[in-house]
Amino acid sequence: MKKVLADRAEWFVEKAKEMGLDMFETIWEVVPEEVLLEIMSYGLPVRARHWSYGQSYEYQKIQGTMGTSKVYELVLNSDPCRAFLLESNSDIANTMVIAHVLGHNHFFKNNYLFKKTDRGMVMRAAERAEKVEEYISQYGIEKVERIMDIAFALEKNIDWHKGVHRPKYAPKKKVLQKKEQGEFDDLYGIDNLGYEEKIMNDSFPPSKEYDLLWFLANYSSAEPWEKDIFNIIREESFYFYPQYYTKIMNEGLASYIHAELMYLMGEDHLSPSEYIEFVKIHERVVQPGGSKLDINPYFLGFTILNDIKEKWDLKYKHGESIITGFEKILEVCSEEDDISFLRKYLTQEIVDRLEMFTYKTDYDRNKDEYIKIESRSAKDVVESQAAKIYNYRTPLIYIDSASQERLRLIHESADVGTLDPKHIEKVAEYLQQIWGGQVIIKTKDERGYSISYGFNHEGFLKY
Amino acid sequence: MTQKYDSLSDIWGLKKRGKRDSDRHKELVEKAIRTNGKQLITEYDIIQSDGDKKIKVPIKFLDKYRLKYGKINDEAGTGQGLAGQPGDKFKIKKGNGDQDGPAGNEDGERIFEAEITVDELVNIMLDELDLPWIDPKNNTQVEITNDEVNSISKKGPFSSIDIRRSLKENLKRNAAKGNPKVGVFKKEDLRFKDWEEEKDYHSNAAIYLMMDRSGSMDKEKTHIAKSFYFWMVQFLRRKYKKIELVFVAHDIKAFEVTEKEFFTISASGGTCCSSSFKFAYDHIKTHHSPDEWNNYVFEFSDGDNYSDDNIICLEYAEKLMPLVRAMGYGEVMLDKSTDSAWFRPEKLLSNYFNENIKRTRFMSMQFKKNDDVYAGLKKFFNIDNSKKDKK
């Protein structure tokens, strides 16, 4: 890194600490565009290889998102925190990115969801990538890809609250007294005994099981290396989950921090022309965004945090609060996620000021697409936004019962929407490949009637 | 600032991974194109394009399948920066709107489009169709520089003398001396048929693309014919150095048209398919002698032929057989066309042909849906395969 940037980074870290930020040490790396693009496509610098990352890499390239005028921040939740700067950015752009990254760094270290994540994931994912390479040389790319396809199909269906590391189901006393005692020992035992010897009854799993990959990794007859891949992808899904759940707050805080730090630096250390360039970039980041039909999380988060700051500063001044506006911001960033954040702090006043609305899309007689404004109430705006974030925006599906002959899943959120028929057909096939027997997924059709998708040795069925 | 940690990009040699995985992705795209060729083959954009033009093939099959919502009930979007009351409607302007705003790590909906050239796609399809002449063994034979030298040998056993060629050479030699008559044969006039290699040694092909343009041939039916012809021409282009396309449109009369007219004009008259077979016969006689040309004749109609005309069709088809390498008839019978009370399968020209012509170089087949184009191509071009198998 250039000396000027290294010096500024050091200066920022000092100021940020004075402000009250609590950060991991940050490792800065200045990289060319293609490397940044690559890390963006993979989500992590090195991950077990899969064609879909190649697809996403091509997509990023075609999109041309890396225009020189754009600022890119790429920072990884990790201890030490890993941040990447774009070589071709101007110094002032990279200066702002450094300040921005420190905001993310604080957020990563302090937000309650992130506290549960694996801070060593960057290195761990790289080690695992090596392991998967070994599997590829041993079993061939097709087989490994197929298992990864299966894992990716289920990766979003995790059970965040049960956590990454959870014990296997506890044995039931009642069951142990039955005459198949020995076999149920295997079933509920902590040792990883083979599934072949198990006989399962209706109460397996003991309660609704939402963590599909965890279940398959522990109770299916998949090969150890296949189970290893399930675990790898599942753990990466846990790692990414908080990012999806806190996008608005996280970007809001980072934008708030970069603005504060840049104002501070501007006073003494930036030339007027640099300062003007910063203001221009900053305004591009925290603006409503090109599309009126979407939310720019940077802008929304930044606006709400500023609102909190003003209100709590006022309360503090009048003795109604023992913490200042900025302290309140940090508290909110530790304790909330986007859904609770919007519910508590997106006020009707902000919704009106930003002209926010909810809408539905439809087609007119000429088959031209149009939107209709549905509502302008803060409550509706919050709920429509929450629906997008909730559960990775993935249908809530749990394993209802599992036996050697049959794996039965139920789509719990069937009232929210139907399952994509093309995808469910493939997913049913995937599950059948791993579990064997017959796989059934129960859901509802568009009219609200119960239907089931199934897959057995004869193929796909729907009834 | 001192660097206690190694640079990640140094440790893992980044830069190569994206390329490696996107190569793998491309490989899978090609594989998907192969297995989905039947659907792709009538893809509108493809048959509209020239060889080296890049086209976008929507790769819907390279989805990362997962548990996901299909239709979300009561789904509402969230927007900002728009004035108006609930109930107000706004038209959506499509286009390259300013896609500003940061790209997230979310798994957005995307239809992936693979960009490849038509040539690449045709090669993949040829490979899949397993046509004999793209077999690497045969490649050298396809690359002909001089048709004369290669196809007709100057030495050989007397039993394989090519009389016609030899006469021609004799005539040429005498004409050069100012006496254009067949005279005394010299050794250098003699031409021998080289049976082993004769098969592929002609490098000229004339393709007769013929189509019923009567009122009942609507856009959908024409599209099937167009797809079939696109691939047929692409494949033959790879086999012959020189290609001449003759576009023949007909209702009760046949006439030669330009390529553009061929697919756009439409007449309202009845249907006499024999008119086009007759046209091809006359045209070949005058322009594309089978000595120098590999003739391919194909006719598309929707089977609405006058039944008396079927007999004449057969007559001309029989007359054409010795003049062509291969001939075919495609009858576009979309499912709904069999609903009519007038529908009599025994009167269909395709059935009539099939009953009366049993030759490997002739194909008559019904096309009921887009997918049949693929089957039709296989059937039409495997004529050469089956011949090879018998050998």
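# Close-up views of a predicted two-chain model

**Figure 1. Cover over the buried residues of helix α13 of chain A.** The elements that cover the buried residues of α13(A) include α4 (91-110), α11 (247-269), α12 (272-285), α14 (325-335), α15 (338-345) and α16 (348-353) of chain A. The model shown here and in the other panels is predicted. Buried positions in α13(A) are P297(A), Y298(A), F299(A), L300(A), G301(A), F302(A), T303(A), I304(A), L305(A), D307(A), I308(A) and W312(A). In an α-helix, residues three or four places apart point the same way, because there are 3.6 residues a turn.

**Figure 2. Length and ends of helix α13 of chain A.** The helix takes in residues 297-317 of chain A, 21 residues in total. The expected span counts one less than the number of residues. At the start of α13(A), the backbone nitrogen of Y298(A) has a side-chain oxygen of N296(A) within 3.0 Å. Just after the helix, G319(A) has a positive phi of about 75°.

**Figure 3. Salt bridge between E236(A) and R47(A).** The side chains of E236(A) and R47(A) form a salt bridge, with an N to O distance of 2.8 Å. This pair joins distant parts of the chain: E236(A) belongs to helix α10 (residues 224-245) of chain A, while R47(A) sits in the loop between α2 (33-42) and α3 (51-63) of chain A, 189 residues apart. With a relative accessible area of 3%, E236(A) is buried. R47(A) has a relative accessible area of 9% and is therefore buried too, the limit being under 20%. Side chains of opposite charge can pair when their charged atoms come close.

**Figure 4. Salt bridge between R234(A) and D211(A).** Another salt bridge of chain A joins R234(A) to D211(A), whose closest N and O atoms are 2.9 Å apart. Here too the pair links distant parts of the chain, 23 residues apart: R234(A) is in helix α10 of chain A, and D211(A) is in the loop between α8 (181-188) and α9 (212-219) of chain A. R234(A) counts as buried, at 2% relative accessibility. For D211(A), which is buried, the relative accessible area is 0%.

**Figure 5. Salt bridge between R343(A) and E383(A).** In the salt bridge of R343(A) with E383(A), the closest N and O atoms are 3.0 Å apart. Two helices of chain A are linked by this pair, R343(A) being in α15 and E383(A) in α17 (residues 378-389), 40 residues apart. E383(A) has 32% relative accessibility and so counts as partly exposed. Over all chains, the count of salt bridges comes to 40.

**Figure 6. Interface of chain B and chain A.** The contact involves 66 residues of chain B and 104 residues of chain A. Between the two chains an area of about 7,700 Å² is buried, and carbon and sulfur atoms give 57% of this area. The size of an interface is often given as the accessible area lost when the parts come together. Polar contacts across the interface number 28 residue pairs. Elements of chain B that each give two or more residues to the side touching chain A are α1 (8-12), α2 (16-35), β2 (69-72), β3 (77-79) and β4 (89-91). α2(B) supplies the largest share of that side, with 12 residues.

**Figure 7. Charged pairs across the interface.** Between chain B and chain A there are 5 salt bridges. R24(B) meets E145(A) in a salt bridge through their side chains, at 2.6 Å from N to O. A network of salt bridges links R49(A), E133(A), R20(B) and D21(B).

**Figure 8. The two chains as a whole.** Chain A contains 18 helices and 11 strands, and chain B contains 15 helices and 13 strands. Of the 463 residues of chain A, 58% count as buried; for the 391 residues of chain B the share is 46%. Among contacts in chain A between residues at least 6 apart in sequence, those joining residues at least 24 apart make up 68%. The corresponding share in chain B is 77%. The accessible surface is about 20,000 Å² for chain A, with 49% supplied by carbon and sulfur atoms. For chain B the accessible surface is about 20,800 Å², and 49% of it belongs to carbon and sulfur atoms.

Definitions and conventions:
Residues numbered from 1 in each chain as written. Chains lettered and ligands numbered in written order. Predicted model: local features only at pLDDT ≥ 70, side-chain atom pairs only at ≥ 80, totals over all residues. Heavy atoms only, no water. Helix = DSSP H or I, 4+ residues; strand = E, 2+ residues; numbered from the N terminus. Buried < 20%, exposed > 50% of the residue type's maximum accessible area, 1.4 Å probe, protein only. Contact = heavy atoms within 4.5 Å. Areas by Shrake-Rupley, 256 points an atom, 1.4 Å probe, with all protein chains shown as cover. Expected span 1.5 Å × (residues − 1). Polar contact = N/O pair within 3.5 Å; in protein donor to acceptor, adjacent residues only side chain to side chain. Buried area = accessible area lost by both parts, 1.4 Å probe. Salt bridge = Lys/Arg side-chain N within 4 Å of Asp/Glu carboxyl O.
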